Amino acid sequence: AYDRHALVQELHRRLAPGDPWAVISATPLPGFPATLIEGYRWVLRGPSLWPLPGAVALARAGHADGEAKETAVAEGLAEDVAKGRPKVIVVDPHRSDLLPQDDLIALLSRTPRFAQVWSGYRLAGHAAEFDLYVPRDGD
């Protein structure tokens with residue numbers, strides 16, 4: 001079943017073992033197990049953006065450091081993407097129980113550094129329920 005999944009098949013077309021990639025999602029899927037099984041190079045500091053829902057909840061509850069934590073997550077992601085230069089970034093475009101009101105890219109793009117780095121990527125297609133982004137310069 002794994003090999004027949006539309007995202008796995010699309011990744012096979014776009015990536016080779018060792019190629020850098022990333023997934024922008026509040027959960028580790030689909031980044032893992034694909035990274036381990038396929039041998040792609042994970043460029044992010046964590047398996048998902050798991051700290052983001054907590055940071056958003058703090059900010060919405062009016063905690064003084066909530067917005068700073070949101071910004072820290074977005075800046076860390078921007079740093080990882082800029083340094084790792086993934087050939088493909090898979091984005092989970094759906095709202096989740098963790099972030100029910102938010103579009104991840106819109107939320108992260110409120111941080112100027114992330115918006116700047118993200119502007120270097122373009123939507124290249126869809127696979128299963130995910131969006132696939134590639135560098136604008138064709139890397």
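Asp 65 is partly exposed in this predicted model, with a relative accessible area of 36%. Its side chain meets that of Lys 69 in a salt bridge, with 3.6 Å from N to O. Lys 69 is likewise partly exposed, at 38% relative accessibility. The distance of 3.6 Å lies within the 4 Å cut-off for such a pair, so the contact between Asp 65 and Lys 69 is counted as a salt bridge. In total, the structure holds eight salt bridges.

Another of these salt bridges joins the side chains of Glu 10 and Arg 14, with an N to O distance of 2.6 Å. Both residues belong to helix α1, which spans residues 6-14, and because they are four residues apart they are separated by about one helical turn. In an α-helix there are 3.6 residues a turn, so residues three or four places apart point the same way. Glu 10 is buried, at 13% relative accessibility, while Arg 14 is partly exposed, at 29%. The pairing is part of a network of salt bridges in which Glu 10, Arg 13 and Arg 14 are linked.

A further salt bridge is formed by the side chains of Lys 87 and Asp 19, at 3.3 Å from N to O. This pair links distant parts of the chain, the two residues being 68 residues apart. Lys 87 lies in the loop between α4 (66-84) and β3 (88-91), and Asp 19 in the loop between α1 and β1 (20-24). Lys 87 is partly exposed, with a relative accessible area of 31%. For Asp 19 the value is 16%, which is under the 20% limit, and the residue therefore counts as buried. When neighbours within four places in sequence are left aside, Asp 19 is in contact with Arg 14, Tyr 40, Arg 41 and Lys 87. Arg 14, one of these contacts, is also the salt-bridge partner of Glu 10.

The buried residues of two helices were examined next. In α1, Leu 7, Val 8, Glu 10 and Leu 11 are buried. These residues cover an arc of only 165 degrees around the axis, and therefore lie on the same side of α1. The elements that cover them include β1, α2 (31-38), β3, β4 (121-127) and β5 (130-135). In helix α3, which comprises residues 51-60, the buried residues are Leu 52, Pro 53, Ala 55 and Val 56. Viewed down the axis of α3, they fall within an arc of 165 degrees, so they line one face of the helix. Their cover includes α4 and α5 (104-108). Just after α3, Gly 62 adopts a positive phi of about 85 degrees.

Aromatic side chains form six pairs in the model. In one of them, the ring centres of Phe 114 and Trp 118 are 5.7 Å apart and the planes are at 15 degrees, so the pair is stacked. Phe 114 and Trp 118 both lie in helix α6 (residues 112-118), where they are four residues apart, about one turn of the helix. Both residues are buried. Trp 118 also forms a stacked pair with Tyr 121, at 5.9 Å centre to centre and with 20 degrees between the planes. Tyr 121 is buried, as is Trp 118. Elsewhere, ring pairs link Trp 21, Phe 32, Tyr 40 and Trp 42 into a cluster. Tyr 40 of this cluster is among the residues in contact with Asp 19.

Rolling a probe the size of a water molecule over the atoms shows where empty space is left. The largest pocket has a volume of about 190 Å³. Its lining consists of 13 residues, of which Arg 45, Gly 46, Ser 48, Leu 49 and Pro 51 lie nearest the centre of the pocket. The largest share of this lining, five residues, comes from α4. Helix α4 is also part of the cover over the buried residues of α3.

Notes: Residues numbered from 1 in each chain as written. Predicted model: local features only at pLDDT ≥ 70, side-chain atom pairs only at ≥ 80, totals over all residues. Heavy atoms only, no water. Buried < 20%, exposed > 50% of the residue type's maximum accessible area, 1.4 Å probe, protein only. Arc of directions from axis to C-beta. Contact = heavy atoms within 4.5 Å. Phe/Tyr/Trp six-rings, centres within 6.5 Å; stacked < 30°, edge-to-face > 60°. 1 Å grid on protein atoms, 1.4 Å probe; cavity = no way out; pocket = protein on both sides within 12 Å on 5 of 7 lines; lining within 4 Å. Points joined across faces, edges and corners; volume = space filled by probe spheres on them.
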